[in-house]
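Let's walk through this structure together, from its sheet out to its helices, domains and ligand. Keep the viewer open while you read.

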Amino acid sequence: MNFHAPVLPTETLELLAPHGGELFVDGTLGLGGHAKLILQKISPKGKLIGLDADERNLQLARENLADFPNVELIHSNFRELNKIAALNSLDGILLDLGVSSPHFDDPARGFSFKKNGPLDLRFDQSQPLTAAVILNSFPEAQIADILRNFGEIGISRKIAHQICVARRQQKFQTTADLVALVEVKSLLPQIFQALRIAVNDELGALENTLNSAPKLLKSGGRIAVISFHSLEDRLVKNFFREQKKAGILEILTKKPIVPSLAEVQENPRSRSAKLRVALKI
Ligand SMILES: C[S@@+](CC[C@H](N)C(=O)[O-])C[C@H]1O[C@@H](n2cnc3c(N)ncnc32)[C@H](O)[C@@H]1O
């Protein structure tokens, strides 16, 4: 079954504060969980533009949001937002970063080290770069940088070296090939996270979008970002602080908002979520 419970739904809605008639962008539509909550507030006169890099999720969201005629769904990376929305046009932007449950559940996407499948890890199946391409063709130093910078792995050079020795014998094809190579199994979540961030240029996309967001928001418009690891959260925190200093954004979350114990128990995927929200002055 395809289901993805929206993270921090009450808190996100309270701070994004969608009102009747407003124009919102959900840059990470996923299965449309947050989008539906926003649509319930802005309909019938408001409109939601939903983006997802993943064509399959976009299709699932289309089905989940079929009751709302006031949605426009676009297969796009959210880094293209400045080409999609006009200047000073938006009342709200939501970015709920990272992976959706169907990504983890489908072994064919390669997101889970617990399931055997191709070393893919792409949100957007139309892009050429996959995890297998990185492992089989990137220089050793670059693989080490990816593991250190995006996975915060101390022995990144050792693992990168082992990868480059192993690939001379046989190219990496499946998640099981990579799992078999890694001696310290507790590092697997970080290794897969690092590859995923590199394959999808997740930090680059976030940085670009943060830079263009204030120009796209109306005065009084809100931007909410839900992040799932410290690298993303740091980017958002620093960006909001700079924009506050420049007198462009007001920060609505002095500290990041995290899920309640009850939410984590019900939806373990929410455990590392951090929500930050700002308002355009
Ligand atoms: C955590 S899920 C969003 C779940 C959604 N809020 C819900 O309630 O159903 C993140 C989604 O964003 C998409 N995504 C991740 N990075 C993206 C990017 N740079 N541009 C567009 N979509 C992206 C993923 O494919 C995934 O479907």
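Predicted model: local features only at pLDDT ≥ 70, side-chain atom pairs only at ≥ 80, totals over all residues.

Strand S5 (residues 217–227) pairs with strand S7 (residues 274–280) in the antiparallel sense, over six bridges.

Seven strands make up an open sheet, and reading across it you get S3-S2-S1-S4-S5-S7-S6, with mixed pairing. Strand S3 (71–75) and strand S6 (249–251) are the edge strands, each pairing on one side only. Going from one strand to the next, the twist averages 15°. As a bit of background, strands of a sheet pair through backbone hydrogen bonds, either parallel or antiparallel.

What packs on this sheet? Helix H3 (residues 55–64) does, touching S2 and S3, and its direction makes about 165° with that of S3. Then there's helix H11 (residues 202–216), which lies across strand S4 (90–96), S5, S6 and S7. H11 runs at about 150° to S5.

Next, take a look at a pair of helices. Helix H7 (residues 140–151) and helix H10 (residues 188–199) pack at an angle of about 105°, their axes 8 Å apart. H7 and H10 are therefore roughly perpendicular to each other. On the H7 side, the contact is made by Ile-146, Leu-147, Phe-150 and Gly-151. H10 brings several residues to it, including Ile-191, Ala-194, Leu-195 and Ile-197. By class, the residues of this contact split into eight nonpolar, three polar and no charged.

How does the chain divide into domains? The domain assignment gives domain 1 (9–101 + 202–280) and domain 2 (125–199). Taken over C-alpha atoms, the centres of domain 1 and domain 2 are 30 Å apart. Where they touch, five residues of domain 1 are in contact with four residues of domain 2. The side of domain 1 that touches domain 2 has two nonpolar, one polar and two charged residues.

Which of the 22 residues around the ligand come nearest? They are Pro-6, Thr-28, Gly-30, Gly-33 and Asp-54. Helix H2 (33–42) and strand S2 (47–52) are the elements that give two or more residues to this shell. The shell residues come out as seven nonpolar, eleven polar and four charged.

How values were computed. Residues numbered from 1 in each chain as written. Near = placed C-beta within 6 Å. Helix = DSSP H or I, 4+ residues; strand = E, 2+ residues; numbered from the N terminus. Nonpolar A, V, L, I, M, F, W, Y, C, P; charged D, E, K, R; others polar. Axes fitted to C-alpha atoms, helices over the stretch in contact; angles between N-to-C directions. Parallel < 35°, antiparallel > 145°, perpendicular 65-115°, else oblique. Contact = placed C-beta atoms within 7 Å. Pairing = 2+ DSSP bridges. Domains from an automatic or database assignment.
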